[in-house]
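Subject: Structure for your review

Dear colleague,

Please find below the structure that I am handing over to you. My findings follow it, arranged by topic.

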Amino acid sequence: MENRDLPVTPQSDSEERSSSSAGEEQQTPVTRAPASDDIVIVFPDDENQDIVVQLPEDGSQPGDYDDLISDLLPNPGEGGPLPPFDTQPTPSRPTPSCPTCTGPLQPSVPPNTGIQPLPGTGLYPPLQVSYAAVRFLNAAYGYAPFRVFVDNTRVAGLLNAQSVSAYRRVSSGYHIVTVTGTDGYIYLQKTLPFEAGSRSTVAIINRAGGLDLIQISDLCCPPTGRTANFRVSNLAYNSGAMDVLLSDGRVIYADVRFKETTSYKRIAPGAYQFLFAETNLLPTPAYTDIESLDSAYIGATPIANTVATLYLNVQSGTNYTVFLINSGSAYNAISTMVVADR
């Protein structure tokens, strides 16, 4: 590397005047050996190496260190010309011609249909319409037969009290359900959701001052082996919290209230007697199945406060739903209706 010694001792005014007057013809630099308190700048031969600044050997910092560093920088105008910049303008995106347009064409945007294009299927994929299955139950007391419409389609022509229609297929989504009399009088209109692939029962029930609709899901795991499924739905308006018991005293469900439908339980085939009453008995664990009943208990003295009794011969491979329905206007005036789905 090449050593260039730069003096750190400033020149006097007389030396500056004499050097400036003789500088027009020729300037002869005066060099001396670096002292121990000088700063030595070592310029590398290779441009990839760094410039080395050697401080005084005694570790002191000279006062004119900043002036020395500033002497290394070129004076204004002495740095040489800058490389020419690319002054060519950036080409703009070409605008397609359109004889009837007043401005640039905009990309085509499909209308807001809520359907996003799928990869490889084109702009608009084919629509897939899904369906739901629904049936209607007349659980109302004190009314003549009904007719039921979904939107403008009649799905139940004559729905008598304590009767249920067959399943009908409707498109998934929200639909307006209308309940009318046979004379066309509109008792009730209500919008209900129907999820794709669902199966439900829509019951017409009593309420304070009129009628209402309640939607009950009928989806359940199919019975396995030789078992069946069993549940209870309380649609009796003026009823208390019903306990469902076997005649031997086992509580299958506790405190089944108005508009409440229990979960399914597995039940073994056989003959059963179910009691519906308001009691303070504790129910069996929810995860336990309904085991067969000893025939000796069938027909035994019913438990106190029993308001309804049901005899049921359970067959395997069947889903049973016991609906509690008003049989009068008095408190706990209820009857049972069994719907079996195979």
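Over the ring of which residue does the charged end of Arg169 sit? The ring is that of Tyr131, and the charged end of Arg169 is 4.0 Å from its centre. Please bear in mind that this is a predicted model. A further arrangement of this kind involves Arg199, whose charged end sits over the ring of Tyr167 at 4.7 Å from the ring centre.

Aromatic pairs

A pair of aromatic rings is described by the distance of the centres and the angle of the planes. The count of aromatic pairs comes to seven. One of them joins Tyr143 and Phe146: the ring centres are 5.9 Å apart and the planes stand at 40 degrees, so this pair is tilted. Phe146 is buried, with a relative accessibility of 0%, whereas Tyr143 is partly exposed at 30%.

Tyr143 also pairs with Tyr187, here in an edge-to-face manner, with 5.6 Å from centre to centre and 90 degrees between the planes. Tyr143 belongs to the loop between strand E4 (131-138) and strand E5 (146-150), while Tyr187 belongs to strand E10 (residues 186-194); the pair therefore ties together parts that are 44 residues apart in sequence. Tyr187 is partly exposed, at 34% relative accessibility. Ring pairs link Tyr143, Phe146, Tyr185 and Tyr187 into a cluster.

Nonpolar cores

The largest nonpolar core has 23 residues. Phe230, Val232, Ile267, Phe274 and Phe276 are those with the most contacts inside this core. At least two of its residues come from each of strand E13 (228-234), strand E14 (242-246), strand E15 (251-256), strand E17 (270-277), strand E18 (306-314) and strand E19 (319-326). E18 provides the largest share, with four residues. There is also a second, separate core of 20 residues, which includes Val150, Val179, Leu192 and Leu211.

Strand E19 deserves a paragraph of its own. Eight of the eight residues of E19 are buried, so this strand is largely enclosed by the rest of the structure. Asn319, Thr321, Phe323 and Ile325 point one way from E19, Tyr320, Val322, Leu324 and Asn326 point the other way, and all are buried.

Which strands pair with E19, and in what sense? E13 and E19 run parallel and are joined by six bridges; within this pairing, Asn234 has Leu324 of E19 as its bridge partner. E19 and strand E20 (residues 334-341) pair in the antiparallel sense over eight bridges, and Thr321 stands opposite Val339 in E20.

Cysteines

A search of the whole structure finds zero disulfides. Cys220 is in no disulfide, and the nearest cysteine sulfur, that of Cys221, is 5.6 Å away. As for accessibility, Cys220 is partly exposed at 29%, whereas Cys221 is exposed, with a relative accessible area of 62%.

Yours sincerely

Definitions and conventions
Residues are numbered from 1 along each chain as its sequence is written. This is a predicted model: local features need pLDDT of at least 70, side-chain atom pairs count only at pLDDT 80 or more; totals for chains, interfaces and linings use all residues. Side-chain values use heavy atoms; hydrogens and water are left out. Rings of Phe, Tyr and Trp (its six-membered ring) pair if their centres lie within 6.5 Å; planes under 30 degrees apart count as stacked, over 60 as edge-to-face and the rest as tilted. Buried means under 20% relative accessible area, exposed over 50%, partly exposed in between (1.4 Å probe, protein chains only). A charge sits over a ring if NZ of Lys or CZ of Arg is within 6 Å of the ring centre and within 35 degrees of the ring normal. A nonpolar core is a set of buried Ala, Val, Leu, Ile, Met, Phe, Trp, Tyr and Cys residues joined through side-chain atoms within 4.5 Å. Two strands pair if DSSP finds at least two bridges between them. A disulfide is a pair of cysteine sulfur atoms within 2.5 Å.
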